Amino acid sequence: MLLKEFKQDKLLFKLLFKNIMTDESIQQEYIILQQQLRNVLIQKEAIKLQIAEIDTALGELEKTKEEKVYKVVGNVMIKKSKEEVEKELKESKEDLEIRVESLEKIEKDLIEKIKNIEERLKGKG
């Protein structure tokens, strides 16, 4: 009789411990997802700032009548054709816009995962 009760208590303990561990792992996953979302948002904003800088530079290039312009490369300014610099800036802008789109997809996925975990945690609370 005592052995049977002990086995039942042991089983109950395992079930309770498993639920506690599951809750903790869900909360850990929730925290990790929030950190990942924060990082994605920071990256996205940094890239958007780069795009805005490129737009400003392209606007200035459009205004100038000079055939040659200076481009900063590291600590050096290099004289290049206006067309070549415009082309490089437009290519950089396209690459950055693709990165923003990619980050927005990741952001959307992370938000969805966070919402799912919030629902699971509400259901248990």
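Buried here means under 20% relative accessible area, with exposed being over 50% and partly exposed in between (1.4 Å probe, protein chains only). A salt bridge needs a side-chain nitrogen of Lys or Arg within 4 Å of a carboxyl oxygen of Asp or Glu. Glu 86 belongs to helix α2, and leaving aside residues up to four places away in sequence, Glu 86 touches Leu 58, Leu 61 and Glu 62. Touching, or contact, means heavy atoms within 4.5 Å.

A quick word on what you're looking at: this is a predicted model, where local features need pLDDT of at least 70 and side-chain atom pairs count only at pLDDT 80 or more, while totals for chains, interfaces and linings use all residues. Residues are numbered from 1 along each chain as its sequence is written, and side-chain values use heavy atoms, with hydrogens and water left out.

Now step back to the whole chain. Its secondary structure comes to two helices and two strands, and from the N terminus on the order is α-β-β-α. Helices (H or I, at least four residues) and strands (E, at least two) are DSSP runs, numbered from the N terminus. Of the 125 residues in the chain, 19% are buried.

What holds the middle of the picture? The largest nonpolar core has 19 residues, and Ile 47 and Leu 89 touch the most other members. Helices α1 (2-63) and α2 (82-124) each supply at least two residues of this core, with α1 giving the most, 10 residues. A nonpolar core is a set of buried Ala, Val, Leu, Ile, Met, Phe, Trp, Tyr and Cys residues joined through side-chain atoms within 4.5 Å. Not counting residues up to four places away in sequence, Ile 47 touches Leu 96, Arg 99, Val 100 and Leu 103.

Next, the two strands. Strand β1 (residues 68-73) and strand β2 (residues 76-81) run antiparallel, joined by six bridges. Two strands pair if DSSP finds at least two bridges between them. Tyr 70, for instance, has Lys 79 in β2 as its bridge partner. Two residues lie between the strands of this hairpin, where Gly 74 takes a positive phi near 65°.

Back to charges, then. Side chains of opposite charge can pair when their charged atoms come close. How many salt bridges does the count come to? It comes to eight. One of them joins Lys 93 and Asp 55, whose closest N and O atoms are 2.6 Å apart. That pair links distant parts of the chain, with Lys 93 in helix α2 and Asp 55 in helix α1, 38 residues apart. Asp 55 is partly exposed, at 35% relative accessible area.

Glu 60 and Lys 63 also form a salt bridge, at 3.3 Å between the closest N and O atoms. These two are three residues apart in helix α1, so about one helical turn separates them. Glu 60 is partly exposed, at 45%, whereas Lys 63 is exposed, at 61%.

Finally, Lys 71, Lys 80, Glu 84 and Glu 88 are linked in a network of salt bridges. Within it, Glu 84 pairs with Lys 80, the closest N and O atoms being 3.6 Å apart. Is Lys 80 buried or exposed? Lys 80 is buried, with a relative accessible area of 19%, while Glu 84 is partly exposed, at 38%.
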